[in-house]
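Please take a look at the structure below. A short report follows for a first reading.

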Amino acid sequence: MCGIVGYIGTKRSYPILMKGLHRLEYRGYDSAGCALISDEDNNLHVYKAKGKVSDLEATANEKDTTGTLGIAHTRWATHGIPSEVNAHPHISESGNITLVHNGIIENYVTLREQLKKRGFTFHSETDTEVLVQLIEYTQNKLGCGLGNAVRNALRLVVGAYAIAVIDKRHPDQLVAARKSSPLAVGVVEDNSEFFLASDASPIVEYTNQIVYLKDEEVAIIQRNHPLKVYNLKGTEADTEVKEVDLDLSMLDHEGYPHFMLKEIFDQPNVLKDCMRGRVVESPYSHAPQVILSAVTNNRRQLLRARRIVIVSCGTSWHAGLIGKQLIEHFCRIPVEVAYASEFRYSEPVIEHDDVIIPISQSGETADTLAAIQLAKQQGALVYGIVNGVGSSIARESDTGTYIHVGPEIGVASTKAFTGQVTVLTMLALALGMIKGTVEQDEYEATIRELQLIPTKIEKILLQNDKIKNLASIFTYAKNFLYLGRGYNYPVALEGALKLKEISYIHAEGYPAAEMKHGPIALIDEEMPVVFLTNHHRRYQKVISNLQEVISRHGRILAIIEEGDEQVKNMVTDFIEVPSTLSCLAPLLSVIPLQLLSYHIAVARGLNVDQPRNLAKSVTVE
Ligand code: F6R
């Protein structure tokens, strides 16, 4: 939710800021803005536009965009509609201070009323404007510099923030702070320049030396001075510089029309990355094995776990439902899967011998983060499964396994889902082995099959043109039903979610056998039903469910196992996926569903990478 970028140094800031905003557009894209201190007149220039970063560039075109200090923002509206006036940066009463913000100020109404009484005027409907006015008020009252004003002002604030602030009277200084919203500072060795961003992606092409600010830390960034970080009380904090290696090619379409399609096609390679060094041959027996350092290092606590609770949202929650089946099957530990947003407010009973598994692509989802903070307070072990390296959830977790699928830019999650399921499979196998709840034969057979998954996905991807043609048949459907059983039930949910979010077609996922308890009433010749018939232990029962839809003239698209002549003879439209073990079926059956929703959305002329109302990283409740 909202992306912020800042630069101070020797280069012109504007192109760096715009490139950074494009990289962060996945976080929000309803309006954008920047503030620059000009080389020409030493004045503050603020440009804003409703719409995307490209609209901002069009607005700023031919205006004064000089200067080596600047901040910029791409917005996902929370308080106030997307509009130029609500776009950031916001400017203080005197016009000296300007600020960009990601997060929500919960006590903004009270603060605004107090500031109004002191003569401050407000122009926008945002919660953010209160911050810039509060900083100016604090500065005037205390007669202090910008850093101290920011620090003292933030002590009055309730809520989440990552902010970048500049003062036109101090063109050599940028102040940043964070609480519950992420913020990274890129540093270069001689301190001649600094880069600021909501994640590392706008920074890595200039430096891989990154400091992730911690909660309630304020960074004073000055050209040619070392970075200084303080807590809100004013005590200097230690900074840890992390070396971040990000493959820049991952931040590009690389010839694909959309990030989503590229990321779907990335899956064979990134799943190999995900397994690299983790799925290995035993040096003694040459038998395959899974080695996860987080499992080895936390063996004692994992072995005594009486319950595992998976907390996550959206697609990551669907991965969690698959994780439940995997862990219960291989480890015989009961698993609950909770929506993080429900879990945190449900007065959950958490025991110290519970293991909490947050699953998150971004590692920044506010509800998931809050859920694990709650679990930690109760003494449970938090084992994070995260993609965002160095993200808040990764840092808050006691231990965990990165999915290592590279940055996911398309708003609809694809490769992160298969990465999460791959990590959950490895976790279940590794834990099952140390618990002794999985037979050696099954353990080895599952690992061998897992190693084949990337090649099998490549085979499915070869059917892209066929899936595109099938998509054209269904482009104008108004509703869809997705049905699957067992391991394929969460895939049905995920297929429906993918379609909803990028095609704006209403879709529901159901356990196939539940259909007759209600949704069957919806079936007619207008209702496409996507049936996941592949790899089910109770195949014949799925076939009966399929028959029930056919008898009611439902329009079926079946995802079948290669060579399944029985279903081929029953339906007109089908997509074949290679055969695999039933516990690995989701890694294959989800691929045609991702492609189907992609092609339907493209055929409807929609913006696949930036669907309406959505943002990639949901850092608000
Ligand atoms: C769907 C999607 C969302 C996310 C959800 C959780 O395609 O991307 O449903 O899965 O917002 O996000 P993370 O995994 O970043 O915690």
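## A salt bridge between E562 and K459

The side chains of E562 and K459 form a salt bridge, with N and O 3.1 Å apart. This is a predicted model. Across the interface of domain 2 and domain 3, the rule finds one salt bridge. The count of residue pairs in polar contact between domain 2 and domain 3 is 13.

Which elements of domain 2 give two or more residues to the side that touches domain 3? They are α6 (259–275), α9 (314–331), α13 (415–435) and α14 (440–461). By class, that side of domain 2 has 19 nonpolar residues, 13 polar ones and three charged ones.

The protein chain has three parts in the assignment: domain 1 covers 3–246, domain 2 covers 251–461 and domain 3 covers 464–603. The centres of domain 2 and domain 3, taken over C-alpha atoms, are 25 Å apart. In the contact, domain 2 takes part with 35 residues and domain 3 with 30 residues.

The size of an interface is often given as the accessible area lost when the parts come together. Between domain 2 and domain 3, the buried area is about 2,800 Å². Carbon and sulfur atoms give 74% of this area. Which residues of domain 2 lose the most area to domain 3? They are H318, Q325 and I460. Together these residues account for 22% of what the domain 2 side buries.

## Around the ligand

How many residues surround the ligand? There are 15, and the closest are S316, S360, S362, T365 and E501.

Oxygen atoms of the ligand have polar side-chain atoms at hand. For S362, a polar side-chain atom lies 2.6 Å from a ligand oxygen. For E501, an N or O atom in the side chain is 2.6 Å from an oxygen atom of the ligand. For K498, the distance from a side-chain N or O atom to a ligand oxygen is 3.0 Å.

## Backbone details

Where is the cis peptide bond described here? It joins H88 and P89, with omega about 0°. P89 sits in the loop between β4 (69–75) and β5 (90–91).

N42 has a positive phi, near 55°, and is a residue other than glycine. The place of N42 is the loop between β2 (31–37) and β3 (44–50).

## Salt bridges in the whole model

By the rule used, the count comes to 25 salt bridges. One of them pairs K179 with E216, where the closest N and O atoms are 3.7 Å apart. This pair links distant parts of the chain, 37 residues apart. K179 belongs to strand β8 (residues 173–179). E216 lies in the loop between β11 (209–212) and β12 (217–222).

Conventions
Residues are numbered from 1 along each chain as its sequence is written. This is a predicted model: local features need pLDDT of at least 70, side-chain atom pairs count only at pLDDT 80 or more; totals for chains, interfaces and linings use all residues. Side-chain values use heavy atoms; hydrogens and water are left out. Domain bounds come from an automatic or database domain assignment. Contact means heavy atoms within 4.5 Å. Buried area is the accessible area (1.4 Å probe) that two parts lose on being put together, summed over both. A salt bridge is a side-chain nitrogen of Lys or Arg within 4 Å of a carboxyl oxygen of Asp or Glu. A polar contact is a pair of N or O atoms within 3.5 Å; within protein, one must be able to donate a hydrogen and the other to accept it, and residues adjacent in sequence count only if both atoms are side-chain atoms. Helices (H or I, at least four residues) and strands (E, at least two) are DSSP runs, numbered from the N terminus. Ala, Val, Leu, Ile, Met, Phe, Trp, Tyr, Cys and Pro count as nonpolar, Asp, Glu, Lys and Arg as charged, and the others, Gly among them, as polar. A residue is near a molecule or strand if one of its heavy atoms lies within 4 Å of it.
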